[in-house]
Amino acid sequence: MTTAQARLPRSTPPAQPTDADKQLLLFSQGVELAARDLYKKALESAKYSDDEVAMLTMFGEHHNTYAQAMNGLIGKVATNMRNDSLYSTHVGQLASAQSAYAALQALENTVAATNTDILGQLRGLDAARILASIITTEARMAAVFGTLPALSLTSALNSSANSLAPTIAQAPEATTETSVSE
Amino acid sequence: MNNISRRDALRVGGLSVFGAAFLAACGKQSGVVESSNILSEGVVPPTTALPAGIVTDVVLLRTAASLEYNAIDTYNAVLEGGLLTGDYAKLTDAVKRFRDDHQAHADAVNQLVVASGGKAHTCANSRIDTLYIQPALELITAKDNPDMSKDIVALAHALENLATQTYQGVVASLTSPSLRGDAIRVAQDEARHAVVLAQVLNGGYASVGPTTNEATGKPNIASVPSAYGSLSSVLLQVGTPNADGVKAALTLETPSLNGLIYDFVDCQ
């Protein structure tokens with residue numbers, strides 16, 4: 001056996017989410033719905049230009065799309081309930097455009113950090129693939145708030161947000177190794 | 001209707017038998033020792049087959065590290081060559097920050113490589129360099145290119161998107177969940193770099209989402225081009241415009257099987 005062969009995985013990750021994956025994705029769905037509602041609230045609470053409204057509406061719709069994608073992954077486990085704790089943290093900061101942008105950037109950084117933490121626990125590849133494509137977009141949305149209305153490199157590139165994700169233990173992995181009797 | 005006479009049929013049959021016998025005589029003959037030198041001049045040198053390339057977590061991570069060095073080398077070339085001029089010179093600090101971020105990413109990814117039992121890869125991906133970066137730099141630094149600095153930013157934007165896609169793409173191939181988390185952590189940084197550069201190229205709130213250039217029908221640079229991170233090819237248009245005002249287009253793609261940094265690939 002070569003060194004490279006020795007490093008080959010002994011089992012292939014499952015495509016479908018495991019039970020633990022579904023609990024993690026359910027948490028992610030709650031976070032996405034809280035983000036959707038915060039964008040909705042921000043648009044109701046302060047005055048923005050048409051271009052800003054278009055951008056904020058698009059960002060809110062993205063989060064709604066992600067919550068719906070979770071529905072497809074977790075099926076009956078889905079509750080479609082927002083994470084009230086995250087919503088409450090930011091809802092009081094949306095009165096002016098300036099404070100709302102800071103709050104929404106913090107929100108995006110938190111959601112990205114949470115989903116990153118969840119991705120690092122997922123065993124199923126289908127969900128990992130989708131979550132990865134969501135996280136890169138959420139990082140982009142966070143960075144936008146660091147570039148507009150004026151560029152702040154530190155604000156656009158740095159994130160010290162903490163993950164809100166729970167740690168959920170996976171069931172022991174079923175072995176796929178086969179033994180040949182001689 | 002074709003009329004074939006008995007004589008014609010015998011003639012064709014005879015030729016077939018002769019042809020078969022001739023071909024058999026040209027083939028392998030009993031009692032004759034086979035030689036690789038038959039029908040050739042000189043001695044055929046022995047060939048050495050490449051080792052089998054097996055895609056593992058280590059190979060994927062080494063490939064990601066190699067792309068970090070592509071970015072580091074490109075940013076160094078920009079800084080050392082003084083390629084940002086005029087208003088774009090204000091971006092020098094950003095370019096230094098991006099380069100330093102990529103060095104930190106390369107170091108972090110190589111630590112994962114070593115921890116996974118592999119050998120750190122500390123140089124650029126030569127295939128990416130040869131196919132995309134060098135041709136782009138040649139077009140950009142052409143004497144008659146009126147947009148050199150803007151094109152440099154466009155190249156950097158394309159490379160940041162390519163790096164984002166590479167990390168996002170390997171998530172589906174990495175077998176370890178924790179490595180997937182590590183990969184997407186780096187992808188986020190690259191995506192943030194891309195947003196800063198996108199705002200330089202096409203700034204303002206109206207340019208955050210996807211828009212189309214009415215003159216060309218092609219998509220404009222966008223900070224958040226889609227709801228989900230794309231894995232499709234990255235279009236880069238740089239260089240001296242032709243008579244119609246169109247620049248040369250390069251299509252960048254994430255490393256494929258022939259661009260991966262397998263275990264047997266070393267820095268030259």
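This is a predicted model: local features need pLDDT of at least 70, side-chain atom pairs count only at pLDDT 80 or more; totals for chains, interfaces and linings use all residues.
## Basis

Local features need pLDDT of at least 70, side-chain atom pairs count only at pLDDT 80 or more, and totals for chains, interfaces and linings use all residues. Residues are numbered from 1 along each chain as its sequence is written, while chains are lettered from A in the order in which they are written.

## Where the chains meet

Chain B gives 35 residues to the contact and chain A gives 42. Residues are in contact if their C-beta atoms, placed from the backbone, lie within 7 Å. On the chain B side, α3 (92-115), α5 (148-170) and α6 (177-201) each give two or more residues. The largest share, 13 residues, comes from α6(B). Helices are DSSP runs (H or I, at least four residues), numbered from the N terminus.

By class, this side of chain B has 17 nonpolar, 13 polar and five charged residues. Asp, Glu, Lys and Arg count as charged; Ala, Val, Leu, Ile, Met, Phe, Trp, Tyr, Cys and Pro as nonpolar; the others, Gly among them, as polar.

## A helix pair in chain A

The axes of α2 (residues 19-45) and α3 (residues 50-74) of chain A come within 8 Å and cross at roughly 160°. That makes α2(A) roughly antiparallel to α3(A) (an angle over 145 degrees). Their contact has 15 nonpolar, six polar and four charged residues.

## The core

The largest nonpolar core has 114 residues. Its members are buried Ala, Val, Leu, Ile, Met, Phe, Trp, Tyr and Cys residues joined through C-beta atoms within 7 Å; buried means 20 or more other C-beta atoms within 10 Å. Helix α6 (residues 125-147) of chain A gives the most, 14 residues.

A64(B) is among the members that touch the most others. Leaving aside neighbours within four places in sequence, A64(B) is in contact with V109(B), T166(B), Y167(B), V170(B) and A183(B).

Note on methods
Two residues are in contact if their C-beta atoms, placed from the backbone, lie within 7 Å. Axes are lines fitted to C-alpha atoms, for helices over the stretch in contact, and angles run from 0 to 180 degrees between N-to-C directions. Angles under 35 degrees count as roughly parallel, over 145 as roughly antiparallel, 65 to 115 as roughly perpendicular and the rest as oblique. A residue is buried if 20 or more other C-beta atoms lie within 10 Å of its own, exposed if 12 or fewer, and partly exposed in between; C-beta atoms are placed from the backbone.
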